[in-house]
Every structure is written in C-alpha cells, then in structure tokens.
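Hello,

Here is the structure I promised to pass on. Please open it beside this email and follow along.

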Amino acid sequence: MFICNFRSFSRSVFTLLLAVGLTAAHAHSGKARFHAVIDTDGAADDLRTLCLLLGNREVEVLAVTTSEGALLPDSAAVRVRALLNSFYHEGIPVGAGRAVQAPVPAWRAHSERVAWGDAAGCEFPAAKSLLAQTLADEEERVVVIALGALTNLSDLLHERPDLGSRIERIVWYNDRAEPLSGANYAVDRAAAQHVLASGVPVTVVTADPSCPFVVTPALLDALAAVPTPYARKIVATHRAAPLAELVAAGHLRVWDDLTAVWLFAPELFSVRRRSATVDVCALADESGVQGAQEQLTAILRGKPDSESRVFYGFPVDGGLYAADVAPLVDSAIVRHGPSEWRAAVLTNELHGHLGIYATIGVKMGIRAREYFNIGVDDIRVVTFAGHRPPVSCMNDGLQVGTGASVGHGLIDVAQVDAPRPEARFTFKNKTIRLALKPAYAERIRRDVQRGVARYGDLTEPYWQYVRALALRYWLDFDRHEIFELTVEE
C-alpha cells in the first residue's frame, strides 16, 4: 500500500512540476499555452492528432513537417497541405523530410487511401530547414510533437545543436521504450538514439499493450457530437473506406493521438524516468483509458468560448436577440461558425447600427485569423478603408474580428486617396492581403444606391433598408468566397 501511494504521490508531483514548466510562460489570458511543431508520417492516427491540435485554441501550430513511415515524406506533405487547406489554414507552413529507404510498412496501402483533403501538387521546403527557421524565429520555446520517426529532429540537431535549447520538450509516440522498439523507432533507429541522447527533454508516450485504447464506433459517435470541422473530419475519414473496415474489425487503436492527450492531461499516465532527460509515459490502467477517451472530446471542444473575456459562453438563444436578428442565429452559426457570430454581434453593438461594411470587416478579420489559425490579439492590421463611412465602417469589424484594436496599437488606417474594402494582415513576419471581390463590392453599391433612390439618403426608412441588407449579407456572404487573398513575399 505504501509503495502504491508513494508512486501515486511521485506521479502527482511530477505532473505538477511538468505542468508548471510547460505553462508558466503562457499565463497571458487568451494566448496559446503550447507553441508547437508537429512531425507526422501520414498515418491515420496522425490525421486524428493534427485535427485535435489544430482545433484547440490552446495550441498554436507553427509548422508541420513530415517524415518517412506510413507514407513517404513527400506524399505525407501533400496530404498535410490538403488537410490544412480544407480548414483554410493555408498560412501554416509544411516541410517535407528526407526519405530513409526504410522497409515499406504493411499499412501503407491503407494510408494512401485515406482522404485528407483535395490534394494539389506543390513544392515543400526541407523539413530540417523549416524546423530551424521556426525555432529561430519563435519567441517562445517550442514543443515538438513527433508522430513518426525522429529523422528530421536528428538532422536538425546534427547541423544546429544550438537550436536544441529552443525546444521546450519533444513529445514522441513510440510503441515501446524499454527496450526501444516499434514502428516509429524502427524506421530510423540511429535518429531515435541520437535525439534521446541529445540532452533535449523528451517524453516518450506509449500505449500499454495490456490496456489497449480501441477506436470504436461508440468513440466516433462521441466525436461526432462535437460541432467543429476538426471533429467532422475525423469522423468522416473513419466512417469511410478504408478506415471504416478497420474500425469494424477492432483493429484501429489510439496510438499517436495519445501525445495530444498527454499534452492536456499528463496526470492520466504513469511515468518512468529512462534517463536524466527522457521520461516514458503510458496509460496505466482502464481508468486511464476512460479518462483519455473523455480527453479526446474535451480537446476537440476546447475551452468554453475561449475567445471571451467577460462572458462564460456567448449568448445564442434567439429570444435574446432583436426580432429580425433572431431567425439568423442558428443558421449563421452553422454556416459561418461561432467565432464569426460572436464578432459580428459585438461589432454591430459597438458600431451603433447594423452596418454592411462593419460586417464585411468582421468576416475579413476572421478569415485572416483562420489563414494563420490563431486567436485574437496576435495579428497586426493595416486597413485601406479610410476614415469616411460607409467603407470606413469596416475598421470596426476588423478590430473586433482580429482583436487588433486601436488600444492594443495593432491596427493602422492607411492614408489613401480612394478608400477601399481591403486590409493587410501580418503575423510573425508573414503577410497577406484580403480585398473584397469587385463583384461583391458592386453588388453592395447597387443595393445601397437603390435604397437611396427609394427612401432618400440617411432617412429612417433608408436605415431600416440598410439594416435588412446587412442581415442578408451577414447570412449569405461566405468569408471563403467573397475575398481575394494574396500572399506578400
């Protein structure tokens, strides 16, 4: 009894210290707790892990690199790019690792058939170079979540050992750590041994064979109840061939996705110290498996209304809204998501009336954040909407949609002769421009002019007409369709 209690006490102390170490630097409310690079070999469990981490605002995914394993690195990179694009996270860079000519795994044929997204051919930077650039540029120390072989990390540490100090911790899934064995180790044994001996802190996350965590139809049902695109992607891929057959056969396990579970709930795992810098963590028992299952849905859901600082859950009851707004609530949230709904409501309250360009600004700001997959307060904005209504009304929506407010000093109104619905967004030395497509701008102009001709300029009936237009655009305009997006070099 004493031994069991001592082990429990030791594990609790370790978990507390580790949690303090991982989170102390990220105490600012609203900022990501974890700044992460994810390395994947393109397996189905990696797809699940990427969805878990991309969909949680406490994780800022800085880059994704690919290594050899379930797929070859170039093939995995194409799929990762397709996945990111399907979520409109085009701003997250992808790097492809080098092939190591490992034996082809039996599950490659299945992995090649999993639908990550609409694949398009493109060139990728070398994973080692992307890792080096990301670590050097990032202000915070980085958690590297490794879901395959450790080739890319080993290559980086051979060439730039100084960058090891920029890594807060490597969280690596491997089937067994004592002795080292399993697919992720076997692909590149030398790389694994080098990284584990490098002095960089490593947590080896593993599954206990005596306590397997099976991907079941019931688990997919639980994930399907989470109303996010990331949950929908997991469920859709696992209810279609070839994964549906593997789920039905009870073959699929929660493997690499245990790294995400460990990141958020290390207390579920038993801990063994392998060396001064390497720890081995495994789900200890059935209660750990049950807790891990609950964590999967919790990670996908994220914190309740993580963007709010005053509300605990943003109001979505139609009875709380004006009579003409109430019918939009459910349909607008389903179509455009809760972030856009929240920002649009707050903007129009701030703006003093339901404005067309204020709502355009909201959609533009949310689209920019989506591109980089970031929260509020992280982006710098230069707007070309000027200082004169109606186009300048867009500036209010931009501030609320991005959190780049005048008070934070993150938004500037450019001096332009001809104001236009366009803005430039910069995040960590990467810049994009978004501009309302001419066809939509012309539609707004014609609709507004029709109202002026019918009701006069700035009359009460005119404002009622504009309000009805704003509501229609709020629901009908899709932020993924109405803007031209260009990347500035």
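Two strands pair if DSSP finds at least two bridges between them. Strands (E, at least two residues) and helices (H or I, at least four) are DSSP runs, numbered from the N terminus. This is a predicted model: local features need pLDDT of at least 70, side-chain atom pairs count only at pLDDT 80 or more, and totals for chains, interfaces and linings use all residues. Residues are numbered from 1 along each chain as its sequence is written, and side-chain values use heavy atoms, leaving out hydrogens and water.

Start with the sheet. Arginine 380 stands opposite threonine 426 in strand 13. Strand 11 (residues 380-383) and strand 13 (residues 422-427) pair in the antiparallel sense, over four bridges. They belong to an open sheet of five strands, in the order 12-11-13-14-15, with mixed pairing. Strand 12 (411-413) and strand 15 (483-488) are the edges; each pairs on one side only.

Now the helices. Helix 16 (residues 356-372) packs with helix 19 (residues 460-476) at about 20 degrees, their axes 9 Å apart. Axes are lines fitted to C-alpha atoms, for helices over the stretch in contact (heavy atoms within 4.5 Å). Angles run from 0 to 180 degrees between N-to-C directions. The two helices are therefore roughly parallel (under 35 degrees; over 145 is roughly antiparallel, 65 to 115 roughly perpendicular, the rest oblique). Ile356, Thr359 and Lys363 of helix 16 meet Val466, Leu469, Ala470, Tyr473 and Trp474 of helix 19.

Helix 16 also lies across strand 13, strand 14 (430-436) and strand 15. Its angle to strand 14 is about 150 degrees.

Best wishes
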